[in-house]
Structure formats: C-alpha cells, structure tokens
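Welcome! Have a look at the structure first, then try each task before reading on.

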Amino acid sequence: MKYLLNGLAVQSEVALNAPLTVEKPNLVVTVAEISKDQADDRQGEVMAELTLQDQRRYTAWRTADGGSVLRVHGLCDFEVNQSASTVYCVPTAECKGEYLAILLGGLVISFILTLKRRCVLHGSAVAFDSRALGFVGASGGGKSTLAVQMCLEGGALVTDDVLPLATSADGVVIVGRASELRLRSGASEFVERLAAGASVRSTADNRLAVAPRGARSEQSRLHAIVLPRPFKGITALRCEQLTPTRALFELARHLRVAVCDSDLLCAQFEQLSEVVARVAVFSVDVPWGPPFQPEVPRQLLLQLGLA
C-alpha cells in the first residue's frame, strides 16, 4: 500500500496509520521475512543516540556504503540506503504486531526526514480554523494530553508525536496530518469524554489511541509553539513568551531524533532559527492532574489569541 506520511509518499509492506495516496513513492519500506536477534556489529560513525534511565533506546550509525542503520534496541534494525529512499526492516522476535507500524510512523519517519535535512520536533499540534498550535517537549511531558484537551475545545488534530516544520513565504507550516492521538493512562478522563464521537483502541505500546476530528489539509500554518511544564502544585496557568535566542535553545533540546552528527545538527539549527524568527514560542506552567482543571485549555487559548 502507498501512504502519505509527513510529506512523503511511502510504499510500505507494513500497514501504516496514515492517509492513502496514489502518488509515486519517494520512500519504499520492506520487511525481512525472518526475524533475527541484534548482533553487536556497529562499525560506522554514530549519527544519533538516545539513552534514558541507563537504558539504550536507539542508536543510528553510518555504513560503509554511505547508508545508515537505525537500531531500536531489542526491537528492530532499520537499514536505510544512501539517498534515504528505502528502508529495510529487520525485526527481532519481540517486535510483534502493531509495534513495527508505531516505530515506522514515529521514530523512523522522523529519522528519514532528518536525513533529508528537514526540521522535525518532538511534538503534537491542534488547529483552530487556519491556525495551528504546537506542543513540544520530552516524552511524558504533556504534549498529547494538552492536544486532546484542545480537541475537546473544538480544535482539529494535526499531528501527534512527530512535528515536521517547513518555512514558506507565508510563515511556518506543519507538514502532514495524523488521525490519532496516543495517550497515557493518566489522561483516561479525556478518552471517556471523547468516546461518544471518536474511536478508541489500545495500542501495542500500552497507550490509548483516540481519533478526534482531524485536520483536512496536508499543511497547517503554525500560529505558536507551547513548551508545557506540568505542575500538580499550582492552580493558575503561567505563560511566558521566550526571546528568539532562548526559544532556539529550548526547541533544540526537543528534536524528534537525538542527532549527534554535526552536519545534521547544523541543518536542524538553521531551520529552527527561521522558525523562532517567525513564530512565537511560549513556556507555559500548566496546572496538572488527574484530576485536570477544565478551564485551563480555554485560558491558554485566550492567552495565545486563539479564543
């Protein structure tokens, strides 16, 4: 099948949670017929690496033929050719069912976009009419929870987990659209409120996937970026607009792929510099739950000029 995923036409042997397309593919995904254990065979220069709580999550390195390998430790190796136009997936026995699709639609597509020198942040976004609001931060930092609250306020889901940005003469746009938000168990109260008008299902990575009303366009103009800071000990929303310099520093901490390759980092910084010059970035202290304060989303929209 062929899918439209963050601006790329993807022909994939794995079913992806993305709109179908008839466009000529510029990325082809195939899967090894037999799973195999990961060998300690890394030889090239490390391009990206993430370790959390003393546990290696993923490592990417260059190969002798100019391509690269993205290894999600314990789950799958993704072999990418030099032009970043093919991905060959070699899963382990632990990478079962939907897990491969989740990795392809999140980390792997972000890695491909990064290789193509496109700016990709770790974030979600919701649109109100023609203006989108992005939420950027680390895993578990409240991005998807705030996004689902904004959907309950009448917003349309643009993207979740992967926030690809591009600059144009009219400003900054988000490239692509998603149909689902993947929520942690702490946000279950919002799932219940959405259940009447949206599908809900459990995912392979122990999240709840909900499908609220989504954006119709493949590009959404970015109005502002929020860096949420959830606090259970506060009762009032606190919002601060960051200077472009500080905004650049903060956003650079939340690239979707933790790249360490100098050329790839330079490309990300160059594009982020354009983003912060054109789009307001806010640090927001958010009263957190559960239980969540129902007035917080409306207060945030008022402060950002979207209500």
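## Exercise 1: Around Leu104

Task: find which residues Leu104 is in contact with, leaving aside its neighbours within four places in sequence.

Solution. Start at Leu104 and skip the neighbours within four places in sequence; the contacts are then Leu5, Val14, Leu16, Val29, Phe78, Cys89 and Ile109. Keep in mind that this is a predicted model. Next, step back to the largest nonpolar core, which has 65 residues. Leu104 is among those with the most contacts inside this core, together with Phe78, Val87 and Leu251. Finally, look for the helix that gives the most to this core: helix α1 (residues 99-115), with 11 residues. A second, separate core has 31 residues, including Phe190, Leu194, Val210 and Leu304.

## Exercise 2: Strand β2 and its partners

Task: work out in which sense, parallel or antiparallel, β2 pairs with β1 and with β3.

Solution. Begin with strand β1 (residues 2-5): its pairing with β2 is antiparallel and runs over four bridges. Here Leu5 stands opposite Leu8 of β2. The two strands make a hairpin with two residues between them, and Asn6 in the turn has a positive phi of about 50°. Now turn to strand β3 (residues 27-31), which pairs with β2 in the parallel sense over three bridges. On this side, Val10 has Leu27 as its bridge partner in β3.

One more step: why is β2 (residues 8-12) largely enclosed by the rest of the structure? Four of its five residues are buried, so the strand is largely enclosed.

## Exercise 3: An aromatic cluster

Task: the structure holds two aromatic pairs; describe the geometry of each.

Solution. Take Phe190 and Phe292 first: their rings are 4.9 Å apart centre to centre, with 50° between the planes, and the pair is tilted. This pair links distant parts of the chain, 102 residues apart: Phe190 belongs to helix α3 (residues 188-194), while Phe292 is in the loop between β20 (280-287) and α6 (296-303). Then take Trp288 and Phe292, at 5.1 Å centre to centre and 80° between the planes, which is an edge-to-face pair. Put together, Phe190, Trp288 and Phe292 form one aromatic cluster.

Trp288 has 17% relative accessibility, so it counts as buried. Phe292 has 10%, so it counts as buried. Phe190 is buried too.

Terms used: Residues numbered from 1 in each chain as written. Predicted model: local features only at pLDDT ≥ 70, side-chain atom pairs only at ≥ 80, totals over all residues. Heavy atoms only, no water. Buried < 20%, exposed > 50% of the residue type's maximum accessible area, 1.4 Å probe, protein only. Pairing = 2+ DSSP bridges. Phe/Tyr/Trp six-rings, centres within 6.5 Å; stacked < 30°, edge-to-face > 60°. Core = buried A, V, L, I, M, F, W, Y, C linked by side-chain atoms within 4.5 Å. Contact = heavy atoms within 4.5 Å.
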